[in-house]
Amino acid sequence: MNEQIQYKLTILAESAKYDVSCSSSGTTRKHRPGMTGSAEGWGICHSFTEDGRCVSLLKIMLSNNCIYDCAYCVNRRSNDIRRATLAVNELIELTLEFYRRNYIEGLFLSSGILRNADYTMERMVRVIKELRVIHRYNGYIHMKSIPGASRELVNEAGLYADRLSVNIEISKDENLRMLAPEKNHQSIFKPMFYIQQGVLASADERKRFRYAPRFAPAGQSTQMIVGATGESDKDILRLSTALYQRPSMKRVYYSGYIPVNTNDPRLPALKQVPLVRENRLYQADWLMRFYGFRADEIVDDASPNLDLEIDPKLAWALRHAEAFPVDLQKADPALILRVPGIGLKSAQLIVASRRHGHITVQTLAKMGVVMKKARYFITCRELPLLTVNELHPDEVRRALTEKKPSRKAADPNQLSILFPE
Amino acid sequence: MIVFRYDKTFEGLLTALFDAYSRREFPDRLLTTDEPLPLFADRAHTVVTDAARSARAWTGLEKKLTQPVCAMLMHVWLSELPASDELLFRYMCKAINAPASIATDFADPDVLAVKQIAAKVSKERERLIQFVRFQKTACELYFAPVSPIYNALPLAVPHFADRFAGQQWLIYDVKRQYGYYYDMQTAIEVTLDNNEHLLGGSLDQTLMAADETLFQSLWKDYTRSLTIRERLNPKLQRQHMPRRFWRFLPEKN
Ligand code: SF4
């Protein structure tokens, strides 16, 4: 451990940073005697980088050498960048030393493709196997499966990793082939399918034998790049919905395209990373997973892209004024969740406390309801009846998007909620 | 106005609750034993903290309240916020007097306040779990100084005892001047006599393990390399990782 490792660490972290997932959630595992560490279901962030992203895992590449040439990637073979490869024992020592100091929840290992998919995958599996078997490491492991890797290696990885992932990157096959000539959707969906089978088979075995080995207990995740190709939000969200219907798929991440290879004619010349669009996609994803929205309620043929000015829940409410106002005292909880300004927590509080009596405007504000928004969509004894129906959706929209001249102009690049976990 | 005076311990508070019911006299204010009586105090009772009576009061509450609610009361106590003892006292009386559970009656300001303060303390516990940074000493002890706004360290100890069961550690609250030492068996509360040199945040070089500085700087380099310059958002960083934790973070020093 010396300057050499410092050099490698910085290069390989630089190369790994564009993978947005850093979540360590999904597995809860108590400490076991003689082993190092545990796993917490809630995905602890141990630090935040200056871009505001959570650092939960040691996110690093085994090597940033790559024989492929994906247009959207810094590590593609045609780029002239510094290259490095970590030795297996170096990577293990870094993981354990960081872990014992409470810097990280575990390891997130990916790699550029050396020689071929299986050769690379084998070296990655060796790292996580040694961590588990020789070093008795009991913390979290996320490993990226290499597109095109064989079923045997995916199966072995699943025995040691908590989560496996294969990134789709581009949601339309023809666009992926255009940007990444060595890849196609099939080479990605195959390992995804192996993972799914592994997870299901192990769940089944564990029903019969309590101590049957677990297979990627935190399931799998994937990532899509947004804004590098022409897909609409509808295309993206439709694919997400299909993915979430698969039994082991836990998270789809969206990554606003960062122009890393600016002179490639296949890529758009973006002045700015599409952060607002990325944030809207996360909000839409959130609505689908927790608020009972379907993708086709959020975007459809008439409006295939998310409204950048307002969030997708408010957008839905303004398109569906007929569903409002909602009587918080009586309404179905599912409907309360659809009120702009009411989140999961405040909806729970409302439903729990309304049995005890009348809910006032003051209590709503204390429960965390954003009254500025919610007032147009609810009935409440103390509020004048001025809902989205008495006014007009357009007027409500104007009232809610109006910039207050007195406040300092907010920097559109500095969103306050990115990457909800 | 009726005033109770007690020693500002949780046991004392429970004894006060016991006394109130046995005397059928309920305080409007709770003061410490050495605070002067307010002008309008009609009656003052001085509570003598008593293990048996406080235990009976707690058992009584445990019968009336669910386990998560009892844990919430403990969290509120550890908030150390002014008047949080009076809030707890009112809450406990309401819970005892009400025919049905009050736990979800969030239209009651005390019920909502208890839940919200407990949530803040619980958040602080979470932040300790996130931002504790151990420094390894030459004698293989992992040491971490902390300075939480609420007294949340005792709530975080079980997590560390589980996760770092295989190493000796000491987490020390430099603000409250006490901590927990874990000897690979149990975590015990400790107070260090000679602790001036620990209060700064970083261990003295002479006490550190040989490779400690290396790993601290590797970690710092790592978090820096991970930053995407095109997306800088320091406000978001501070929102998730408040500045008050920075002095103990190697990546920020
Ligand atoms: S295979 Fe992976 S590392 Fe290699 S160029 Fe493509 S995206 Fe980058």
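**Model and conventions.** I worked with a predicted model, in which local features need pLDDT of at least 70, side-chain atom pairs count only at pLDDT 80 or more, and totals for chains, interfaces and linings use all residues. Residues are numbered from 1 along each chain as its sequence is written, chains are lettered from A and ligands numbered from 1 in the order in which they are written, and side-chain values use heavy atoms, without hydrogens and water.

**Confidence.** I noted ipTM 0.91 and pTM 0.87 for the model. Chain B averages a pLDDT of 91 (the predictor's confidence in each residue, from 0 to 100), and 97% of its residues score at least 70.

**Domains.** I found domain 1 at 2-123 and domain 2 at 132-252 of chain B; such bounds come from an automatic or database domain assignment. Their centres, taken over C-alpha atoms, are 34 Å apart. The contact (heavy atoms within 4.5 Å) takes 7 residues from domain 1 and 6 residues from domain 2.

**Buried area.** I recorded about 620 Å² buried between the two domains, 66% of it on carbon and sulfur atoms; this is accessible area (1.4 Å probe) lost on being put together, summed over both parts. In domain 1, Leu78(B), Glu80(B) and Val121(B) lose the most area to domain 2, together 64% of what that side buries.

**Salt bridge.** I found a count of 1 salt bridge between the domains (a side-chain nitrogen of Lys or Arg within 4 Å of a carboxyl oxygen of Asp or Glu). I also noted that the side chains of Arg176(B) and Glu80(B) meet in a salt bridge at 3.1 Å, N to O.
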